[in-house]
Amino acid sequence: MTLHSFSPIQYIDDPALAASGVELNILRLDRFFPPISGNKYFKLKHNVDYARRHGYQRLLSFGGAYSNHIHALALAGRHYGFGTIGLIRGEQSMEANLNPTLQDAVDAGMDLHFLDRSQYRNKHDKDFVARLQAEFSDAFIIPEGGSNLLGVKGCMEIVGHIQHHLDDNYDLVIVPCGTAATLAGIAAALPDNKQVVGVAVLKNAQFLNDEVTAYLQQLGVAKDNWQILLDYHGGGYAKLNQSLAHFIQQFEQANTLQIEPVYTGKMFYGLYDQLIHSAQFKGKRIVAVHTGGLQGLRGIGDQLEKLQAKAVG
């Protein structure tokens with residue numbers, strides 16, 4: 001997979017930020033390489049290259065019904081000439097009435113296989129993965145979310161996009177965290193005088209700290225330039241509440257910028273809340289990474305609109 005250009009960057013002119021002495025730029029990965037929007041391009045880049053170099057014909061991975069990763073993998077497979085297999089968390093009955101995300105995946109050539117929740121929990125089990133490899137011997141197996149060392153190495157390249165636009169004129173990068181592979185890549189590649197902060201999008205996410213530490217150790221990189229904020233999950237992964245919904249509505253209206261409540265919405269909500277309750281970000285030149293995922297709005301958009309209407313009412 002060849003890097004074609006640099007992601008655009010957008011400056012946010014917001015009086016609330018200016019009052020805290022904050023300069024905010026958004027790295028618009030959602031507008032980079034349209035076939036595979038957001039950070040998924042970077043997480044898949046080296047996985048696809050590895051599969052091609054080692055003679056695999058198909059790519060296999062895991063995800064939920066509205067998974068950005070499954071959606072991106074299917075489109076990447078079509079773009080780069082691989083067959084794709086998606087192991088989807090859900091009942092077989094879903095196949096009769098596919099949601100828009102899974103329909104897109106099928107239209108891009110992906111074969112879907114449905115796993116119930118107990119089966120899906122085995123996705124990291126070595127014996128389970130070995131059985132999958134035996135069954136799909138021509139497929140390269142990529143972990144859920146594209147989160148492995150190859151994915152982290154791809155995410156290291158995100159820093160080059162920031163440097164291209166801003167050179168050394170920023171202090172801190174902020175990014176949403178589901179598996180922390182993107183954060184680990186950014187942390188590994190940042191210059192020594194920069195920091196990266198992750199905003200966890202799921203509950204009980206303390207384990208993400210161990211994930212980042214392990215990735216950095218595998219890379220042979222000693223960095224303590226990162227941290228993860230754990231209190232902005234909104235109730236859990238893909239959960240949202242009225243405060244988050246109202247914030248997203250206000251943010252989008254003020255900045256003519258679309259975000260979503262699963263990842264980027266929680267990141268920006270955390271950033272603005274920290275400006276009120278903490279001095280950590282005040283006076284900083286910040287780069288927020290828009291990781292894409294807008295296709296997932298098709299699964300949560302109705303709930304978001306209802307909560308926003310309730311806030312207005």
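**Exercise 1.** In a crossing of which hand does α3 pass α4? Find also the angle, the axis distance and the residues of the contact.

*Solution.* The model is predicted, with local features requiring pLDDT of at least 70 and side-chain atom pairs pLDDT 80 or more, while totals for chains, interfaces and linings use all residues. Residues are numbered from 1 along each chain as its sequence is written, and side-chain values use heavy atoms, without hydrogens and water.

Step 1. Helices (H or I, at least four residues) and strands (E, at least two) are DSSP runs numbered from the N terminus. α3 spans 68-80, and α4 spans residues 100-107.

Step 2. Axes are lines fitted to C-alpha atoms, for helices over the stretch in contact, and angles run from 0 to 180 degrees between N-to-C directions. The axes of α3 and α4 are 8 Å apart, at an angle of about 15°.

Step 3. Angles under 35 degrees count as roughly parallel, over 145 as roughly antiparallel, 65 to 115 as roughly perpendicular and the rest as oblique. α3 and α4 are therefore roughly parallel.

Step 4. A crossing is left-handed if the near helix is turned anticlockwise from the far one by less than a right angle, and right-handed if clockwise. α3 passes α4 in a left-handed crossing.

Step 5. With contact meaning heavy atoms within 4.5 Å, Ile70, His71, Ala74 and Arg78 of α3 meet Thr101, Leu102, Asp104, Ala105 and Asp107 of α4. Ala, Val, Leu, Ile, Met, Phe, Trp, Tyr, Cys and Pro count as nonpolar, Asp, Glu, Lys and Arg as charged, and the others, Gly among them, as polar. The contact of α3 with α4 has 4 nonpolar, 2 polar and 3 charged residues.

**Exercise 2.** Describe how α9 packs on α10.

*Solution.* Step 1. The axes of α9 (residues 181-189) and α10 (residues 207-219) come within 9 Å and cross at roughly 45°, which makes α9 oblique to α10.

Step 2. The crossing of α9 and α10 is right-handed. Ala181, Leu183, Ala184 and Ala188 of α9 touch Val212, Tyr215, Leu216 and Leu219 of α10. By class, this contact has 8 nonpolar, no polar and no charged residues.

**Exercise 3.** Is Ser67 buried or exposed? Locate Ser67 in the chain.

*Solution.* Step 1. UniProt (unreviewed entry) places the feature "active site" at Ser67; UniProt annotations may be inferred rather than shown by experiment.

Step 2. Ser67 lies in the loop between β3 (58-63) and α3.

Step 3. Buried means under 20% relative accessible area, exposed over 50%, partly exposed in between (1.4 Å probe, protein chains only). Ser67 counts as buried because its relative accessibility is 12%.

Step 4. Leaving aside neighbours within four places in sequence, Ser67 is in contact with Thr101 and Gln295.
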